[in-house]
Amino acid sequence: MQKNFHIITYGCQMNVHESEKIAGMLTELGYSQCENIAAADVVVFNTCCIRENAENHAFGNIGMLKKLKSSKRDMIIAVGGCLPQQMGKADNLHEKFPYVDIIFGTHNLHKFKEYLLLKQTRRKSVIKIEDDAGIIFEDDKPFRTSYPNAWVNITYGCNNFCSYCIVPYVRGRERSRKSENILAEIRNLIKDGYKEITLLGQNVNSYGNGTNDLSFPELLEKIAAMDGKFRLRFMTSHPKDFSEELAKVIAENPKICRQVHLPVQSGSDTILKAMNRKYTSADYLKKIEILKKYVPDCAVTTDLIVGFPGETEEDFKATLELVNRVDYSSAFTFVYSRRNGTVAASMPDQIPEEVSKDRIIRLVELVNTLTREHSKKYVGKTVEVLCEGYDDKKKMYLGRDEYGRMGYFENDKDVIGEFVDIKITNANGVSLIGEKV
Ligand code: 5AD
Ligand code: SF4
């Protein structure tokens with residue numbers, strides 16, 4: 001009989017790729033992916049705890065499954081990822097949702113298959129959280145869901161301990177995969193027809209630190225030298241480790257996309273210091289200058305946080321000023337979320353919600369204005385997009401250009417996985433509308 005699974009993913013690209021690894025284990029056991037949660041024999045929540053709203057979202061959805069589980073007792077519900085990895089949260093989850101069958105964390109994700117088989121032999125829930133054992137996952141066989149794009153982990157964990165961030169506590173210390181394994185994985189992906197490879201790590205720039213393996217720019221060069229037409233992206237870069245050598249490598253290798261995601265978080269030096277970011281706004285601007293010197297057309301995107309403890313109106317204005325100055329092509333904007341166990345959680349002067357709300361509205365307005373201005377410059381130009389899907393509502397194909405902009409276009413035949421030239425006729429906000437040329 002056909003057995004089905006359904007995975008619900010919260011959070012970042014890292015989590016999306018980890019869900020592909022969980023899906024890989026389920027496929028090996030003979031399960032097939034299904035769209036409808038009610039038809040699933042195994043439901044997995046792959047959670048995120050970076051901000052409170054991601055956590056609440058997961059809690060809400062797990063709660064909603066209680067009714068379905070009571071009418072379908074054989075269905076297995078598993079909760080994994082960052083949320084249960086936090087100290088004490090697995091027990092908390094078990095108490096709150098006793099009908100959850102499997103609870104696992106980030107450090108033992110590769111054992112999910114084992115836990116599922118164990119659960120099938122007993123009534124009791126399987127609750128397994130492991131401490132950071134410095135594990136580097138190598139032999140996983142992800143069930144990739146994003147053709148023609150493929151994600152490849154190059155580092156795990158983070159050593160930076162930005163004072164607001166829970167990631168170092170739930171993903172452990174930074175460690176790099178061996179370059180030979182990364183290169184072999186990418187060679188196979190290209191052979192299998194993948195056209196865009198995105199290297200993943202909390203801080204890709206420090207790849208290879210503490211080893212005598214390749215540095216990050218060297219790794220990029222090796223990948224870019226592989227045969228075939230494909231694109232190479234990476235995320236995320238920490239500004240403190242962004243080097244001139246890296247800017248040169250981007251400039252010299254056309255396969256590396258002209259888009260760099262360089263999270264600044266704040267434009268105020270006082271706040272950057274309190275965040276433990278290890279750079280000033282002037283240092284950051286210098287890095288942008290170096291990047292633009294070698295790659296003048298490079299699109300820069302960023303992450304920004306408002307309402308960090310102690311942030312004054314002046315500090316916030318410094319962020320607005322920096323955003324204007326860098327002229328980001330787009331940005332992710334967040335309201336600071338207090339995370340238990342982080343240094344910032346116990347800082348005095350937490351910012352009232354209404355102040356943060358007002359600031360985020362002003363920041364989003366500015367970011368949207370810049371994005372629209374960038375979009376307008378596209379009109380009349382022809383760009384090459386890698387078609388990655390079809391939008392049923394718009395009845396159009398969609399694909400990104402190398403600067404990361406999404407373009408929509410009509411076409412009679414399926415061109416998913418192909419590079420297509422489109423002439424931009426309309427630019428509305430972030431996305432572009434074009435005609436195939
Ligand atoms: N509150 C708000 N935003 C956060 N980020 C990380 N931790 C927090 C937090 N506690 C944001 C940062 C980071 C992005 C992935 O998430 O901007 O770059
Ligand atoms: Fe979090 Fe900072 Fe590490 Fe990014 S670099 S994951 S923001 S601690």
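In this predicted model, a polar backbone atom of tyrosine 164 lies 3.0 Å from a nitrogen atom of ligand 1, a polar contact being a pair of N or O atoms within 3.5 Å. Local features require pLDDT of at least 70 and side-chain atom pairs pLDDT 80 or more, whereas totals for chains, interfaces and linings use all residues. Residues are numbered from 1 along each chain as its sequence is written, ligands are numbered from 1 in the order in which they are written, and side-chain values use heavy atoms, without hydrogens and water.

**Ligand 1**
- Oxygen atoms of ligand 1 lie 2.6 Å from a polar side-chain atom of glutamine 265 and 2.9 Å from a polar side-chain atom of arginine 51.
- On its own, ligand 1 has 400 Å² of accessible area (Shrake-Rupley method, 1.4 Å probe), of which the protein covers 86%.
- The residues around ligand 1 (a heavy atom within 4 Å) include Ile50, Asp303, Phe334 and Arg339.
- This shell comprises six nonpolar, two polar and three charged residues.
- At least two shell residues come from each of β13 (299-306) and β14 (330-335), strands being DSSP runs (E, at least two residues) numbered from the N terminus.

**Domains 1 and 2**
- Under an automatic or database domain assignment, domain 1 spans 3-128 and domain 2 spans 146-257.
- Contact (heavy atoms within 4.5 Å) joins 15 residues of domain 1 to 14 residues of domain 2.
- The two domains bury about 1,300 Å² between them, 59% of it on carbon and sulfur atoms; this is the accessible area (1.4 Å probe) lost on being put together, summed over both parts.
- Gln13, Met14 and His17 lose the most area in domain 1, together 42% of what that side buries.

Terms used:
Polar contact = N/O pair within 3.5 Å; in protein donor to acceptor, adjacent residues only side chain to side chain. Helix = DSSP H or I, 4+ residues; strand = E, 2+ residues; numbered from the N terminus. Nonpolar A, V, L, I, M, F, W, Y, C, P; charged D, E, K, R; others polar.
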